[in-house]
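Please look through the sequence and the fold shown here.

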Amino acid sequence: MSDAITVLNQRLPVVDRQQDDGKQVDWFLPLTAEERTVLRGRRSTACGREVLLQLPRHGPLEPGDQLSDAEVSVRVEVVAALEDLLQVKAPTSLDLLAAAYHLGNRHVALELHDQELLLLDDSVLASMLKGRGLVVTQCRRPFLPEGGAYAGHSHRHSSP
């Protein structure tokens, strides 16, 4: 077994991943929402292997993306790492919409759901939201924030 760092320099197209060539994912790469936007640098896989990202700039990584080296000798799947988040619930959908509006005005990254909002844990924002009568609880979950007005939207939302 080699201690050489694996350089991941390409995303495998979905078509290549769907071909039944018998090649399974070798490693999983847990990344936070912020880390998924940085396409260069050292990272550690779930099993502790060091990899070096040197990816072309084609937008942020998404959970489920598969990466490989130049020879396609290894497949690494991106997964959303667990993060410390705030879960925001409201008595009415209008209250939840107002919370999303106020957080959006502060350029806060949000994950939107029918009955809740998720955002990175922040004590100041938690106090502001509680002051508006919202139920705010801390949780630890994968974070899949909206891409913003000018970003593509590619992830799916499901009820927790």
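Residues are numbered from 1 along each chain as its sequence is written, and side-chain values use heavy atoms, with hydrogens and water left out.

The pLDDT, the predictor's confidence in each residue from 0 to 100, averages 89 over the protein chain, and 85% of the residues score at least 70. Over residues 153-160 the pLDDT falls below 50, and this stretch has 14 contacts in the model beyond near neighbours in sequence; a contact means heavy atoms within 4.5 Å. Where pLDDT is low, the predicted coordinates should not be read in detail.

Helices (H or I, at least four residues) and strands (E, at least two) are DSSP runs, numbered from the N terminus. Two strands pair if DSSP finds at least two bridges between them. Strand 4 runs antiparallel to strand 5 (residues 50-54), and 5 bridges join them. Within this pairing, Arg-43 stands opposite Val-51 in strand 5.

Another open sheet has 4 strands in the order 2-6-7-3, and its pairing is mixed. Strand 3 pairs with strand 7 (residues 75-80) in the parallel sense over 5 bridges, and Leu-29 stands opposite Val-78 in strand 7.

Which residues of helix 3 are buried? In helix 3 (residues 123-131), Leu-125, Ala-126 and Leu-129 are buried, where buried means under 20% relative accessible area and exposed over 50%, with partly exposed in between (1.4 Å probe, protein chains only). These residues lie on the same side of helix 3 because they cover an arc of only 105° around the axis, the arc being that of the directions from the helix axis to the C-beta atoms. Their cover includes strand 8 (82-89), helix 2 (93-105), strand 10 (117-120) and strand 11 (135-142). On the face turned away from the buried side, helix 3 carries the exposed residues Ser-123, Val-124, Ser-127 and Gly-131.

At the start of helix 3, a side-chain oxygen of Asp-122 comes to within 2.9 Å of the backbone nitrogen of Val-124. Just after helix 3, Gly-133 has a positive phi of about 85°.

Key
This is a predicted model: local features need pLDDT of at least 70, side-chain atom pairs count only at pLDDT 80 or more; totals for chains, interfaces and linings use all residues. A polar contact is a pair of N or O atoms within 3.5 Å; within protein, one must be able to donate a hydrogen and the other to accept it, and residues adjacent in sequence count only if both atoms are side-chain atoms.
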